[in-house]
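The stops below are meant to be selected one after another.

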Amino acid sequence: EPVRRGADHWLTLFHSLCYAFVTATISTALALVLLGAGRPVGARRVLDAAMLASMAVPGVVLGAAYVIAFNGWLPLYGTPILLMLGLVTTHVPLLARFLQGPVALVPASLAEAGAVHGLRGRDRTELIHAPLLMRPLLWGWSIAFGGVFFELPMSSLLHPTGRAPVGVTLLLLDETRRFTAEAQLALAGIAICLIVVGLVVGVLPRWLERPAGDDAAVPA
């Protein structure tokens, strides 16, 4: 996919921003679901081994497998869906390993005590689990966001035509010896990542932890 002489390569910042945001959100949610309590010890061990095995597979190999699998019976090749599906697959194991410790440290007795005192499932999540897991979840989301934003191996195989992410465009600019444009795009991408991560891990927790209004009531 050629990079034209105009300013089209700046659109890749928006493309990568969308890919990274959606992928990081879905990957974090799936990782949290996979780490949910109540599974037998054997199932947790099998799940842990499967996540470790998937982390050992290179992105290029997974990308090629997706091209073969989704270019026939389910024609998703060349669509953003397939790219984000592949990125989610590679980042869920990483986030699950990252969140395994924080999730294990949440005492199950807290949720049980809340249930005894009449807290519904949604209230237990909001008042017990969310405050304890919010910062690890936001850091995990930020890790996935930064990794997807500049991801190259899988993106080079699965990105839609005309909607290449930043990593692919940087490589094309380098191959065409447009080093000034490459440096500007890279610096802009780094700045965007720093701003987004700063807002997510610095501003968002303070906003979520702000004192409730006087009319807020805690269930008895």
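**Ground rules**

This is a predicted model, in which local features need pLDDT of at least 70 and side-chain atom pairs count only at pLDDT 80 or more, while totals for chains, interfaces and linings use all residues. Residues are numbered from 1 along each chain as its sequence is written, and side-chain values use heavy atoms, with hydrogens and water left out.

**Whole chain**

Colour by secondary structure. The protein chain has 9 helices and 0 strands, and its pattern along the sequence reads α-α-α-α-α-α-α-α-α. Helices here are DSSP runs of H or I with at least four residues, strands are runs of E with at least two, and both are numbered from the N terminus.

Next, colour by accessibility. Of the 220 residues in the protein chain, 35% are buried. Buried stands for under 20% relative accessible area, exposed for over 50%, and partly exposed for values in between, with a 1.4 Å probe and protein chains only. The chain exposes about 12700 Å², and carbon and sulfur atoms supply 69% of that area. Accessible areas come from the Shrake-Rupley method with a 1.4 Å probe; for residues, only the protein chains shown count as cover.

Among contacts in the protein chain with a separation of 6 or more, 78% join residues 24 or more positions apart. A contact means heavy atoms within 4.5 Å.

**Helix 1**

Select residues 11-34. At 1.5 Å a residue, the 24 residues of helix 1 should span 34 Å, and the end C-alpha atoms are 35 Å apart, which agrees. The expected span is 1.5 Å times one less than the number of residues. Buried positions in helix 1 include Thr12, Tyr19, Ala24 and Ala31.

Within helix 1, pick His15. This residue counts as buried because its relative accessibility is 13%. Leaving out residues up to four places away in sequence, His15 touches Gly162, Arg163 and Ala164. The C-alpha atoms of His15 and Pro165 are separated by 5.7 Å, although the two residues are 150 apart along the chain.

Move along helix 1 to Ser27. Is Ser27 buried or exposed? With a relative accessibility of 0%, Ser27 counts as buried. Show its contacts beyond four places in sequence: Val88, His91, Val92 and Leu95.

Select Leu83 in helix 4. Leu83 is buried, at 0% relative accessible area. Outside the four places on either side in sequence, Leu83 touches Tyr19, Met154, Ser155, Leu158, His159 and Pro160. Ser156 is 73 residues from Leu83 along the chain, with a C-alpha separation of 9.6 Å.

Go to Met51 in helix 2. Its relative accessible area of 5% makes Met51 buried. Pro93 and Ala96 are in contact with Met51 when neighbours within four places in sequence are set aside. Met51 and Val92 are 41 residues apart in sequence and 8.2 Å apart from C-alpha to C-alpha.

Select Arg177, in the loop between helix 8 (166-175) and helix 9 (179-208). Most residues other than glycine have a negative phi. Arg177 is exposed, with a relative accessible area of 65%.

Continue to Gly198 in helix 9. Gly198 is partly exposed at 33% relative accessibility. The C-alpha atoms of Gly198 and Ser142 lie 9.1 Å apart, across 56 residues of chain.

**Cysteines**

Show Cys18, partly exposed at 30% relative accessible area, and Cys193, buried at 11%. How many disulfides does the whole structure hold? The search finds 0, a disulfide being a pair of cysteine sulfur atoms within 2.5 Å.

**Nonpolar patch**

Finish with a surface view of Leu52, Met55, Leu94, Phe98, Trp139 and Ile143, which make a nonpolar patch of about 530 Å². Patches are made of residues with over 30% relative accessible area and no salt bridge; like charges are joined within 9 Å, and nonpolar side chains (Val, Leu, Ile, Met, Phe, Trp, Tyr) within 5 Å. A salt bridge is a side-chain nitrogen of Lys or Arg within 4 Å of a carboxyl oxygen of Asp or Glu. Helix 2 (41-55), helix 4 (80-104) and helix 6 (121-149) each supply at least two residues of the patch. Met55, in helix 2, is partly exposed at 39% relative accessibility.
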